[in-house]
Structure formats: structure tokens, C-alpha cells
Amino acid sequence: MPSHLSADHPAAQPPPHGSVDALISQTRRLRGDVDAVRRDTPADDMDPEGRWQRALCDLAMHQLNDLDEHLAQLRDGPPPVPVGHDEAAPVVRTVPPAPRHGSLLSRVGSAEWNLLTDEASWSGELYDLLGRDPSAPPLTLDELPSVVLDEDRPRLTAMVTDCLIDAKPIDGEFRIVRPDRSVRTVHMMGEPVLAADGSTASMWAVLRDVSELRRSRRTVSETRDSLQHQRHIAQTEHRLAVELQEAVLPPWRGSLRLPRQGPQALDLAAHYLPSSTSALIGGDWYDALELPGGETLLSVGDLTGHGATVTSGMAMLLGALRGMAMADTEPGQLMAWLNQLLDASVQPALASTVCCRYRPETRTLVWAQAGHPAPLLFRNGTGRALSPPDGVLLGATSGAAYGQAEQPLEPGDLLLLHTDGLVPRRDRAAAVDRLLDLAPRFGEARAAQDCVRTVVEEFGETEREDDACVLIARVVT
């Protein structure tokens with residue numbers, strides 16, 4: 001091919017081999033590091049962040065592979081010019097052996113178009129890149145747009161025109177259609193070759209197939225967009241879950257006295273403890289409600305799972321529980337009907353709960369549970385867990401029967417109800433012991449709110465995998 005030089009520019013000298021070899025070594029080390037990062041990225045197609053990370057690694061590998069081969073070409077220098085070559089002589093096309101498939105050379109070709117003779121010279125690599133028969137004549141500048149997609153032809157025409165008329169360098173991309181109908185993206189860089197009088201004598205260009213790079217970049221962009229979309233959905237769902245939870249849980253803060261009239265009332269306080277990961281809003285609840293006739297309903301529970309759907313299910317359960325309690329349903333029967341409600345739900349779910357009715361006239365606690373930790377009773381500086389009646393998780397089996405128990409209470413007694421997310425699962429066996437160890441501090445507390453504060457101080461900094469609720473009721477005269 002003719003020398004790609006204008007009359008004003010001398011040939012550039014190749015860089016020293018040592019410096020290029022050093023760059024090649026650095027590139028290969030970096031490529032190894034990127035490959036190690038990619039191998040360490042979990043191969044989970046359901047994780048958009050993991051897909052995005054792997055796509056970035058793939059793109060970096062493509063770039064580093066090309067950089068490595070470019071540097072190798074720079075080190076080895078340009079191919080020799082045939083002996084006896086005369087720039088003014090007619091252009092003679094030579095076709096070197098086909099490069100190995102997938103190499104950089106198979107994706108980079110060069111060409112020169114002589115404006116004085118209207119002849120073209122293509123490298124063999126360009127024939128391979130465009131998928132054309134090496135025995136066919138090279139396309140002229142007028143014929144070149146015939147292999148370009150219709151919508152990209154104006155871009156190619158503008159680049160060539162600017163180069164030939166205004167002597168502007170070419171640097172742009174367009175898509176070509178190969179004879180097998182496959183579409184490839186080509187990056188074209190070139191310059192005009194000026195004659196002695198300053199006119200444009202010819203135009204040379206290097207064309208590179210960048211389809212894989214563009215595909216990798218699209219993958220990165222798409223996975224990034226998908227990740228952002230997933231994050232937006234998660235943020236929206238989290239906001240809805242928080243708003244729904246705040247709307248459903250009792251609005252009272254601090255201490256509450258129920259029933260509001262009469263002796264032997266309960267001094268009540270409760271607290272919600274979020275999980276260590278604030279994005280996980282679950283189905284935990286606590287509730288205290290004054291019933292007709294002066295009795296008080298106490299309940300805590302946990303619908304399995306996280307997110308707005310679970311919080312919505314929790315709201316449904318709590319609403320049903322309140323409604324049935326207001327209809328004077330006993331705790332055991334109430335558990336059975338809640339189980340039937342979950343069993344009939346479109347979305348399968350499991351829930352645990354404990355439900356208590358406090359009768360102030362007799363200071364009696366009537367309660368039932370569904371696979372839930374039993375209430376803790378503190379009296380005279382010591383504590384113990386109440387013996388639970390029979391009861392399986394809500395939604396676990398159809399037609400389940402639930403037992404019911406009664407516990408006499410005395411003035412000054414303290415009841416603690418909680419969900420099982422106070423501590424990590426591996427430590428839950430010790431959670432009850434830790435709560436019972438708080439008995440002396442509860443005995444010194446003046447109000448239920450002080451006892452709740454003690455629990456929060458003890459468990460508030462725990463790395464919880466789940467959210468949790470605690471409800472404390474103290475019998476007062």
C-alpha cells in the first residue's frame with residue numbers, strides 16, 4: 001500500500017522496544033487481575049448487580065486484549081513496503097495470508113483511495129473484515145456506501161466529504177452489512193494525503209470491527225439500567241412498606257393505660273426494632289386494643305417475608321384479628337379463624353402470633369399462640385416463660401385446632417411479649433435467658449416505658465437479620 005504520509009509529515013520513528021515491552025507486561029498483568037475479579041463475581045443471573053459487574057469485566061477484557069495486540073504491533077513495527085514501490089505508479093493490491101480467526105488482525109484493515117486515478121487499494125484484512133471475496137476489486141469511495149446500512153450512509157458521506165474537501169481527519173463509526181447479512185459495527189479513522197501543491201491526492205483509512213466492544217458496552221449499559229430499575233423498585237417498595245407499617249401499627253407512643261377506666265388496668269408500652277439492614281421491612285406487629293366490656297386485647301406477631309406485599313398481608317391479619325376480638329371471640333377460636341384466613345389466601349404465607357385477653361375484674365390472662373414464643377411473666381424480681389397451649393403456625397395446615405390457657409395475674413406483675421427477630425437465629429435459644437436476666441431491672445422500673453427502654457438498650461445494637469417487636473404490660477392498681 002502507499003505510504004500513509006502527507007508531504008509535510010516525516011515518518012515517525014518507532015518507540016524503543018524496552019518501553020513497549022514494559023507496557024505489554026503491565027497490560028497483561030492488569031488483564032490477569034481483571035480476569036480474577038470476574039471469576040470471583042458470583043454467577044447468579046438473577047442478581048442484576050452481579051450481571052453488571054461481570055459485563056464491566058468482559059468489556060475491560062475486550063479493551064485490554066485489543067490494547068495488548070496493538071502494543072505488539074507497535075513493538076514489531078509496520079509491515080515492509082514492497083521493493084520498487086512508486087507512489088505515482090498505479091496502485092497494486094496485495095492480499096496477505098488470512099489472519100487467524102478472532103485475532104486483532106482479523107478485525108482491523110486498511111485502505112487507500114487515489115483521487116487522481118480513481119483506484120483503490122485494500123489490505124487483505126479489510127476484505128476479511130467486510131466479508132468480501134479477495135479476488136474482487138476493492139470498492140471505490142462512490143461504491144463504499146453500498147455496504148453500509150441505509151441510516152448510516154449520511155454519516156459516512158459527511159466524514160468522507162469533510163476529509164476530501166476540508167482536509168479534516170476521519171474518526172467515526174457506521175454499520176456495514178456483510179454478504180452473509182450479518183451486521184457489524186466499524187470504526188473508521190483516516191486522513192487526507194496531500195500532494196505537493198497542497199491539494200488532496202488520496203485518502204487513507206484504517207477500519208476496525210468494534211462490534212464486540214459495542215455489544216459489551218450495550219450489555220454494561222443495559223445491566224446498569226436494569227440495576228437502577230431494580231433499585232428504584234426496591235426503594236419504592238421500601239417506602240410503601242414503611243408507610244403501610246406506620247399506618248397499621250398503633251399510633252400511641254410512650255405509655256398507654258388500658259382499660260382507661262377502672263382498677264387493675266394495664267400500663268402498656270411497645271417498640272418496633274428494625275433489622276440491621278434497613279431495607280428489610282417485614283411483617284412484625286404489636287397491638288393493644290380496649291374491647292367492649294373493659295377487657296384488653298394484646299398481641300404480637302410476625303408474617304414471614306419482607307416487603308410491601310408482606311406488610312400488606314400483616315395489615316390484613318391485624319385487621320382481622322381486631323375485628324374478631326371486638327366480636328368477643330376467644331383467643332383459641334381466633335387463632336383457628338386466622339389460620340383459615342391464611343389458608344384461603346391467594347398468596348401462601350406463614351405467620352406466628354400470640355394473642356391475649358386481659359380480664360381486669362379477675363386479673364386473668366386468657367391466651368393462645370400459633371408457633372410463637374410464649375409471653376414472659378415477671379414477678380417479685382424473677383421471670384419465667386408461660387407454658388404454651390398447643391398451636392401450629394398460621395397457614396401451615398388446614399383445619400388446625402388451637403389450645404387456650406389462663407394465667408392469674410397479681411398487682412405489679414409484668415408481661416413481656418416479643419417476636420423472634422430480637423437476636424440472630426443462631427442465638428435465639430439464649431434470647432429468652434437474656435430477657436429473663438432483665439428481671440431485677442424491671443423490678444426497679446417505675447413504668448412499662450422504662451422496661452421497654454431497658455430491652456432496647458439490651459438488644460437495640462444487636463445485628464438482627466429480621467425486624468422485631470416488643471410489648472410490655474404491667475398490672476397496676
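Predicted model: local features only at pLDDT ≥ 70, side-chain atom pairs only at ≥ 80, totals over all residues.
Residues are numbered from 1 along each chain as its sequence is written, and side-chain values use heavy atoms, leaving out hydrogens and water.

R357 forms a salt bridge (a side-chain nitrogen of Lys or Arg within 4 Å of a carboxyl oxygen of Asp or Glu) with D328, and the closest N and O atoms are 2.9 Å apart. R357 lies in strand β10 and D328 in the loop between α6 and α7, so the pair ties together parts that are 29 residues apart in sequence. Here helices (H or I, at least four residues) and strands (E, at least two) are DSSP runs, numbered from the N terminus. Salt bridges with shared partners join E295, D328, E330, R357 and R359 into one network.

By the same rule, the count of salt bridges comes to 20. Another of them links E173 to R214, with the closest N and O atoms 2.3 Å apart. E173 lies in strand β3 (residues 170-177) and R214 in helix α5 (residues 211-248), so this pair ties together parts that are 41 residues apart in sequence. E173 is partly exposed at 22%, while R214 counts as buried at 17%.

Now to helix α7, which spans residues 331-343. Its 13 residues reach 18 Å from the first C-alpha to the last, close to the 18 Å expected at 1.5 Å a residue; the expected span is 1.5 Å times one less than the number of residues. Among the buried residues of α7 are P331, G332, L334 and M335. The buried residues of this helix pack against β9, α6, β10 and β11, where contact means heavy atoms within 4.5 Å.

Strands β12 (residues 376-379) and β13 (residues 382-385) run antiparallel and are joined by four bridges; two strands pair if DSSP finds at least two bridges between them. F378 stands opposite G383 in β13. Two residues separate the strands, and N380 in the turn has a positive phi of about 55°.

Technical notes:
Buried < 20%, exposed > 50% of the residue type's maximum accessible area, 1.4 Å probe, protein only.
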